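Please examine the sequence and the structure shown below. A briefing on their main features then follows.

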2 protein chains.
Amino acid sequence: MRKPRLFTPGPTPIPETVMLRMAEPIIHHRHAEFVALVGRINAHLQTLFCTKQPVMTLTASGTGAAEAAIATLFQAGEKGININNGKFAERWGKMMNVYGMNVVDVEIAWGNAISEDQMRDVMKQNPDAACIWLVHSETSTGTYTNIQAMARVIREVAPDTLICIDGITSIGAHECRMDEWDLDVVITGSQKGLMIPPGLAFVALSERAWKKAASVTARSLYFDLKQAREAWHDNSTPWTPAVSLVIGLEPALAMMMKEGVENVWKRHTLLSRGLRAGLQATNLQLYGTSPSHAVTVAYLPEKGRKEFIKLLKSDFGVTVIGGQDALKDVVFRTSHLGYYDEADMLAVLGSIEYALQKLGHEFEAGRSVYAAQRIFMGVE
Amino acid sequence: MRKPRLFTPGPTPIPETVMLRMAEPIIHHRHAEFVALVGRINAHLQTLFCTKQPVMTLTASGTGAAEAAIATLFQAGEKGININNGKFAERWGKMMNVYGMNVVDVEIAWGNAISEDQMRDVMKQNPDAACIWLVHSETSTGTYTNIQAMARVIREVAPDTLICIDGITSIGAHECRMDEWDLDVVITGSQKGLMIPPGLAFVALSERAWKKAASVTARSLYFDLKQAREAWHDNSTPWTPAVSLVIGLEPALAMMMKEGVENVWKRHTLLSRGLRAGLQATNLQLYGTSPSHAVTVAYLPEKGRKEFIKLLKSDFGVTVIGGQDALKDVVFRTSHLGYYDEADMLAVLGSIEYALQKLGHEFEAGRSVYAAQRIFMGVE
């Protein structure tokens, strides 16, 4: 017998109470009971996004939320900057291309975040951009970008450019204050920090963005956010939502509200620090220069590069995930995004130690768990 | 204590085994276990659609599947015919408008289906149409359209026009043979005949449609069916799918395969005949001239028009749904789509009789249940 232990950055583990709530008999989405539930959820989503704007729920993956923003806000020919530092960042450039935008793709080497100076240069060269997309936590590389600092620089140089944030793996993991930081578009997905299965995506627009939307004829019906906002005010959606996922969202958000959003961010900071310290104590090298609190990326051990991930699964039921594209068979990614606590990190580190011993990797066994414990105790 | 009894045409009731399967710990969508599961589902979906073409699974409502077809297949300026006989039919005209198509909206009075003669006239006037949209079972009015006959007429007059079928509430209820009837686009949703919660949509294209797609640059990234087809061949999806719903789909489809698709159609025919006979025996008037096997629409009783639906809910936990737009407070809609059997029809008829007695409606109590029993016994 092996318990399934999922350490992937989406889907992330679902709390048992959430799974059971979703298994209750389904209700109809136009009925009073569901409408009231959506009202409660909407208020909690605003707290999570740190915004007074509607946070609209779409039945789609996070990619759909980005498409909704682009289809609602921009016209063909408008300039869109894409800060491209990973596989997911790359997608928003492709998306803007599909919508006929004039895309300025700023390539940043994988594993790195754009600096303030680089950002200032980009904006000075493109002060006429209608928007700029930034990924808060890039899942393919585990890279964090300081959105607060970047937003400040962007506003300074190009006050009208809409700042669009891919918060798919950051919302619920990293501090993200939409209104205070003056962000214009923030999106996320359900299967990440929100601790429910994939199938829902969330998007909020600033007042500045809504003004822009008013001048644009939406290029999608399904993803028309002006219709979504209208329905939002009635605690509804223009189309049939993924009812069971919305039902699961309520207890998941209630858990986050009870813990407190700032404490949720702190927990992610602590868990990621502990995991990183632990991995370093096994002599595995961390990947990248700007670690995310959602997912940690480390190089695979030299010995048993191809076996390591399989061994974790077969011996301990632990599912971590490999790298994508150029990072395939180079790194592995371990999630601490969503429903995780300290003991999960100790379990995954203990399992990694075990697998490394089996593969003949050289390190001092036990040290990784100890290193994480020191962080969790607050003594390091 | 009242058991919840959902008789709405989507969401429809979820089998208990399906709900429990979806409550199991979630798995990752790129892992072997999930890929194998998707392979099994894909084969069953082809059986259900009666097609050899890929039936692609999208994370969206049924509306999203229609948008995917339109965004993948058509260019702005192309002519699209919409046979508009209800609230859902109306949507496909709007959708084509959003995509800049030249829409010929053929209005058919609500409650009616287009006739072969009307269809021939429409096609003779528009032999250059790139597509025509028809709703197989219109949920707002409970109206069935004979797609097989219509497809024959369309092909006769305009062999190249793509025949696009909204099968959202027909797949799994009405006979629909995509390949044999030479249909080009068939879409459906998960929360209907497929007996799982909303959040997935399905779409299949004919060879003729795929040829057309090859000449068109997709106007959506999320809904680009060429990418979806590529992923389909790997038992995958381009974006993160609604994993838990896909997991639930497997036992739901297994139930349908065990029963046999033709028997599933027969069961829906029987249940709808029984319900209609029962309602007529209560002196309630049926709405429309071409009844669907998915949902039955009847006029509300004169006495207690506003109370009837509420009374069913409060006294028996029975949820039926009212009419939309012009049919609001005029009709009520009772579903027999998906996970229903004869006893469900007897329970809903018995509850309707009870409510009608309370409201002072004149009829002979007990006759409706008897009328349905006669149908179910095969003696009427």
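The points below are grouped by topic.

This is a predicted model, in which local features need pLDDT of at least 70 and side-chain atom pairs count only at pLDDT 80 or more, while totals for chains, interfaces and linings use all residues. Residues are numbered from 1 along each chain as its sequence is written, and chains are lettered from A and ligands numbered from 1 in the order in which they are written.

**The two chains**

- Chain A is superposed on chain B by a rotation of 180° with 0.0 Å of shift along the axis, at an RMSD of 0.0 Å; the superposition is by least squares on the C-alpha atoms of residues with pLDDT of at least 70 in both copies.
- The two copies are therefore related as by a two-fold rotation axis.
- Within chain A, the C-alpha nearest this axis belongs to Ala60(A), at 2.6 Å.
- Both copies use the same surface, since 100% of the contact residues of chain A recur in chain B; two residues are in contact if their C-beta atoms, placed from the backbone, lie within 7 Å.
- The contact takes 40 residues from chain A and 40 residues from chain B.
- On the side of chain A that touches chain B, the elements giving two or more residues are helix H1 (16-22), helix H3 (62-73), helix H4 (87-98) and helix H10 (243-259); helices (H or I, at least four residues) and strands (E, at least two) are DSSP runs numbered from the N terminus.
- That side of chain A divides into 24 nonpolar, 13 polar and 3 charged residues; Ala, Val, Leu, Ile, Met, Phe, Trp, Tyr, Cys and Pro count as nonpolar, Asp, Glu, Lys and Arg as charged, and the others, Gly among them, as polar.

**The nonpolar core**

- In soluble globular proteins, nonpolar side chains tend to be buried together.
- The largest nonpolar core has 256 residues, and those with the most contacts inside it are Ala69(A), Val203(A), Ala69(B) and Val203(B).
- Such a core is a set of buried Ala, Val, Leu, Ile, Met, Phe, Trp, Tyr and Cys residues joined through C-beta atoms within 7 Å.
- Among the residues that Val203(B) touches, not counting residues up to four places away in sequence, are Met56(B), Leu58(B), Ala69(B) and Leu225(B).

**A pair of helices in chain A**

- Helix H12 (residues 308-316) and helix H13 (residues 342-359) of chain A pack at an angle of about 120°, with their axes 9 Å apart; axes are lines fitted to C-alpha atoms, for helices over the stretch in contact, and angles run from 0 to 180 degrees between N-to-C directions.
- Residues of H12(A) including Phe308(A) and Leu311(A) meet a group in H13(A) that includes Ile352(A) and Tyr354(A).
- By class, this contact of H12(A) with H13(A) has 8 nonpolar, 1 polar and 2 charged residues.

**Loop residues of chain B**

- Met178(B) is found in the loop between strand S8 (162-166) and strand S9 (185-189).
- Met178(B) is buried because 27 other C-beta atoms lie within 10 Å; a residue is buried if 20 or more other C-beta atoms lie within 10 Å of its own, exposed if 12 or fewer, and partly exposed in between, with C-beta atoms placed from the backbone.
- The C-alpha atoms of Met178(B) and Ser206(B) are separated by 8.3 Å, although these residues are 28 residues apart along the chain.
- Val216(B), in the loop between helix H7 (207-214) and helix H8 (225-232), is partly exposed, with 15 other C-beta atoms within 10 Å.
- Val216(B) and Leu73(B) are 143 residues apart along the chain, and their C-alpha atoms are separated by 6.2 Å.
- Ala294(B) lies in the loop between helix H10 (261-281) and strand S11 (295-299), and counts as buried because it has 31 C-beta neighbours inside 10 Å.

**Backbone features**

- Most residues other than glycine have a negative phi, and most peptide bonds are trans.
- A cis peptide bond joins Gly10(A) and Pro11(A), with omega about 0°.
- In chain B, the peptide bond from Gly10(B) to Pro11(B) is cis, with omega near -5°.
- Met195(A), which is not a glycine, has a positive phi of about 65°, and counts as buried, with 25 C-beta neighbours inside 10 Å.
- Asp325(B), also a residue other than glycine, has a positive phi near 50°, and counts as exposed, with 11 C-beta neighbours inside 10 Å.
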